[in-house]
Amino acid sequence: MKSIWENYKTDVAYDELMYSEYQPRPVSHSLCQYLNSLNKEDIDKRKIAAELAIMEMGISFTVYSDEGNIDRAWPFDIIPRILDGKEWKIIEKGLKQRLTALNCFISDVYSEQAFIRDGKMPSEIVNSSKNFRKECVGMKPMHNVWANICGTDLVRDKDGVMYVLEDNLRVPSGVSYMLENRIITKRVFPELLQDINILPIDDYPTQLLEMLCSIAPHQNGKPQIVVLTPGIYNSAYFEHAFLAQQMGAQLVEGSDLMVDDDDCVYMRTIEGPAKVDVIYRRIDDDFIDPEVFRKDSVLGVPGLMRAWKAGNVGLANAPGAGVADDKVVYAYVPEMIRYYLNEEPILPNVPTYLCSNQEHLDYVMEHLAELVVKPANESGGYGMLVGPHATAQEVEAFREIIKKDPRNYIAQPTLSISTAPTLCNDKLEPRHIDLRPFILQGEKTFVTAGGLTRVALKKGSLVVNSSQGGGSKDTWIISMEEG
């Protein structure tokens, strides 16, 4: 019987499961041994079982293209990614530290601006940020937390160190796929999950609901919570519906809500208006309230900002939180941790060059073909240059783009992002991966046990986004300690 590991070759990147071609890491030994016992027919059956489960459960995402919006089945690889529980404890602590500092910064930006006043960051970085909302100045959300839900992207370099790649603080997505990946894996490898001590993740909806309840303006009785979605054509609509269902909350669109003369938010029901206490909004700031932001928005709720400012409704994430979801601001997070918490950062940033800084810009222009260049506020892997994978013409074209708006770009060295064995055409091949854990912050802070592992299914690609051909894996945090 041919082994599934036959011809699997690790490259220069750190492999998450294997030390070398035939030596698994201690934490992945049981999985590798089990996979080695399966023949091709066994693997095929499990792959088909996963695909059927995805179709049966209706797990999909939307790709926007010139030809229109296309719903696609969620791309899932059945070989899980594994992390040691001891390492995870450190990562978890670092994620809590990071979000705490980011929330301190956002709160400071809309009040004293002490970080800027004390010379830790140039004022023009905030003043020129398209996500700085002057309408939020002076606001103090419950628990002084602006970003209640954060998805932080982590990557491991060839040195084995886990780096923070970016913080997603506006409307981070992907947590439903993390949960569904585990459900699929239980169907595919039921016997394996019984024998390995994998930390559970199915408490996330409960933790999310508890956090949302903690930001209700009035802490008496059970708050009415809704999930505000842009609608069925949004790429993450599956997730909006899934989380609302899991929490037992109402899924609403802007037209389902109204703000009355008492500056309170009400949901339209067949029994009459029902007061809403907390809105988990999955709509960008620009569209949430046509009275304040985009006048042409039909997705939001007229008067919503009025109700929020009056302290009559909790919003997660709070408007204006996106000021810290900026890849230029990202470069200052280690200093934020030192400034606000008087601690050293537990998780390092990737070294970052700010194109708004002349010295940095000169270096970027000289080494453009070696760097990854990203716009400050794009998501989904769009609008970036991966220098080593770009043509000379693409590099030169991007040079001109940077010159036109240097504030909007940062550059980073091209990391040799870690790989994991991935099933490709009936054999295992290394593919680059990242990890997006989800952090909740309200009255207390919670971190998922692992997160969404995204995998670049194209050979050699570093782009893991599903909209650009990426897929995902279940993420196992395994405790190696007894008891």
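Is aspartate 326 buried or exposed? With a relative accessible area of 3%, aspartate 326 is buried, where buried means under 20%, exposed over 50% and partly exposed in between (1.4 Å probe, protein chains only). Before we go on, please keep in mind that this is a predicted model, in which local features need pLDDT of at least 70, side-chain atom pairs count only at pLDDT 80 or more, and totals for chains, interfaces and linings use all residues. Residues are numbered from 1 along each chain as its sequence is written, and side-chain values use heavy atoms, with hydrogens and water left out.

Let us stay with aspartate 326 for a moment. Its side chain meets that of arginine 407 in a salt bridge of 2.9 Å, N to O; the term stands for a side-chain nitrogen of Lys or Arg within 4 Å of a carboxyl oxygen of Asp or Glu. Arginine 407 sits in the loop between H15 and strand S18 (409-413) and aspartate 326 in the loop between S14 and H12, so the pair ties together parts that are 81 residues apart in sequence. Helices (H or I, at least four residues) and strands (E, at least two) are DSSP runs, numbered from the N terminus. Arginine 407 is buried too, at 16% relative accessible area.

The whole structure holds 31 salt bridges. One of them joins arginine 431 and glutamate 429 at 2.7 Å, N to O, and both of these residues are buried. Lysine 134 pairs with glutamate 135, their closest N and O atoms being 3.6 Å apart, and lysine 134 is exposed, at 62%.

Now for the backbone. Most residues other than glycine have a negative phi, and most peptide bonds are trans. Glutamine 113, in the loop between helix H3 (85-109) and helix H4 (114-117), has a positive phi of about 55 degrees and counts as partly exposed at 22%. Asparagine 144 also has a positive phi, near 60 degrees; this residue lies in the loop between helix H5 (123-127) and strand S6 (149-156) and is partly exposed at 35%. Alanine 316 and asparagine 317 are joined by a cis peptide bond, with omega about -10 degrees. Asparagine 317 belongs to the loop between strand S14 (314-316) and helix H12 (327-330).

Next, have a look at helix H2. This helix gives the most to the lining of the second largest pocket, with five residues. A pocket, on a 1 Å grid over the protein atoms alone, is an open set of points where a 1.4 Å probe fits, with protein on both sides within 12 Å along at least five of seven lines; lining residues have an atom within 4 Å of a point. The 17 lining residues include Lys47, Glu51, Pro75, Phe76 and Leu457, which lie nearest the centre. Helix H2 (40-57), strand S5 (76-84) and strand S24 (470-478) are the elements giving two or more residues to this lining.

Helix H2 is also the place of methionine 55, which is exposed at 62% relative accessibility.

Asparagine 36, in helix H1 (residues 29-36), has its C-alpha atom 41 Å from that of threonine 352, 316 residues apart along the chain. The C-alpha atoms of alanine 392 and isoleucine 116 are separated by 39 Å.
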